[in-house]
Amino acid sequence: MQLSERDRKLLWGRAASRCAHCQAELVVDATVSDRASIIGDEAHIISDSPGGPRGNRADRSDLSGYRNAILLCKVHHKMVDDQPNTYTTEVVRRMKMDHEAWVSASLTDSQRADAEEVASAVAGLERAEEDKRQHLLRSFGPSDWCVPPSANGPELIVRCAIALPGPVQLGPIPSQRGVITQLRAEAREDLIVAALNSAELTQQVRAMQSKWHWSGEGGWHALGGAGSLELTRLELDLRWLEQRIRQPVALTCAVLTGVTDDGSNLGEQCHGLVTVIDLALNVIELDAHRRPSQVAHRTTPAPAPAALTLAELADILSTLLTAPDVALTLSDRMLEDAPRDGHLAMWLMLNGVELERVVSLENLERLSGGLMVTRWEMHSAWPHPEPSNPTTARGFVAEFLEGLLEKADYRRFQGAVEEATGQSNHAPNE
Ligand SMILES: [Zn+2]
């Protein structure tokens, strides 16, 4: 959960870094070769989503601070969330108060001083992780779409960004390693194009031709002029038989290497390689058989001109989750001592239309007066989910869709999401 550094210190310090239910210690000391490990959770007392454990639509105030947080081990976090009727808001609040009272009554001064120290360290660790994530969000999130939103732009854009923070070799690298540097931009371009053309991601997009009927495809090519030495922008060349006002499907990629310090003091964490892949759909242009008479659709104010099914949206998201493979291939070839883990973020943006005008959600129940969603995001430490692992990729997609629908005030959508993600491209492996 999101906590300020001050709230985090309070929470961990007052709980002496222990589970409020079983008093188990939640920090495993660092070893000679590994840093300390945090094995507990900062749990919500009242869920910040109305459908979550002890969620409460009437009182949405202050659900993010120390007051609404409790420190629990993994076991007891699951327990209080699985049994919200037993572990009501009152019971969980009481659990926290009793535990904090126990800490101040039972621990010695030096034990409490140790706990304060651990709390500070935890806050620092968490903050460093949070800073990296925030930087990723800020730098490569929806404010910087490859396909700029416009009135005539695509209805739906999904972005997958992978950042592999790490050292970047800025000078020439010995040729026997075959590593491309900032000094050889054209060679770098060729390398990225080759990697994209052979990527699983591109194969999966090619498979969409049978559904969305483009007539031909000329592979990836770099878009000249728009980039810098560090930035390469590319697009997949899709061709259509008819002249169209708007391209129905667009796939673009931006690869950034050796990001320099941007003055925010976070530049160090951003060195490395960032791969951003956008898939934009003009749903209205996709397919004639999706036009109004064939699309039975409960939307306001008017029927959607066309619609994706939830399963199609899940397929698109799953397809983009093969993008980390591209990032890893590129980092292996472009960076010395390529980092193996980074951050994965995925955003979905609907351009000025309601979710249900683009995605067919006719059988789902929605609370009246719900929010209008135009953006939804989710992120994860990477390589989790591992893109080559269909189960974790599909789990990520399912979680993503559930978050989206919950934010849009739908309810009882789990079955639909399960069905939609079960029909994803990865299903045959299960
Ligand atoms: Zn516990």
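User: Does Asp409 count as buried, exposed or partly exposed, and why?

Analyst: First, this is a predicted model. A residue is buried if 20 or more other C-beta atoms lie within 10 Å of its own, and exposed if 12 or fewer do. Asp409 has 18 C-beta neighbours inside 10 Å, so it counts as partly exposed. Asp409 lies in the loop between helix H13 (390–407) and strand S15 (410–411). Its phi is positive, about 65 degrees, although Asp409 is not a glycine.

User: Which loop holds Ala16, and is Ala16 buried or exposed?

Analyst: Ala16 sits in the loop between helix H1 (5–14) and strand S1 (27–28). Ala16 also has a positive phi without being a glycine, at about 50 degrees. Ala16 is buried, because 24 other C-beta atoms lie within 10 Å.

User: What should I look for in a nonpolar core?

Analyst: In soluble globular proteins, nonpolar side chains tend to be buried together. Here the largest nonpolar core has 73 residues, and those touching the most other members are Val158, Cys160, Leu317, Leu320, Ala323 and Leu401. Strand S5 (residues 156–165) gives the most to this core, namely eight residues.

User: Which residues does Cys160 touch, leaving aside those up to four places away in sequence?

Analyst: Cys160 touches Ile277, Leu320, Leu321, Ala323 and Met346. There is also a second, separate core of 24 residues, which includes Ala16, Val80, Val118 and Ala119.

User: How many residues of helix H10 are buried?

Analyst: Helix H10 (residues 310–320) is mostly covered, with 10 of its 11 residues buried. Among them are Glu312, Asp315, Ser318 and Thr319, as well as Leu317 and Leu320.

User: What span should helix H11 have, and what is the distance between its end C-alpha atoms?

Analyst: The expected span is 1.5 Å times one less than the number of residues. Helix H11 (residues 323–334) has 12 residues and should therefore span 16 Å; its end C-alpha atoms are 16 Å apart, which agrees. The buried residues of H11 include Ala323, Pro324, Ser331 and Met334.

User: Why is strand S3 described as largely enclosed, and which strand is joined to S3 by bridges?

Analyst: Four of the five residues of S3 (residues 40–44) are buried, so the rest of the structure largely encloses this strand. S3 runs antiparallel to strand S4 (residues 69–73), and five bridges join the two. As one of the pairings, Ala43 has Ile70 in S4 as its bridge partner.

Notes:
Residues are numbered from 1 along each chain as its sequence is written. This is a predicted model: local features need pLDDT of at least 70, side-chain atom pairs count only at pLDDT 80 or more; totals for chains, interfaces and linings use all residues. Two strands pair if DSSP finds at least two bridges between them. A nonpolar core is a set of buried Ala, Val, Leu, Ile, Met, Phe, Trp, Tyr and Cys residues joined through C-beta atoms within 7 Å. Two residues are in contact if their C-beta atoms, placed from the backbone, lie within 7 Å.
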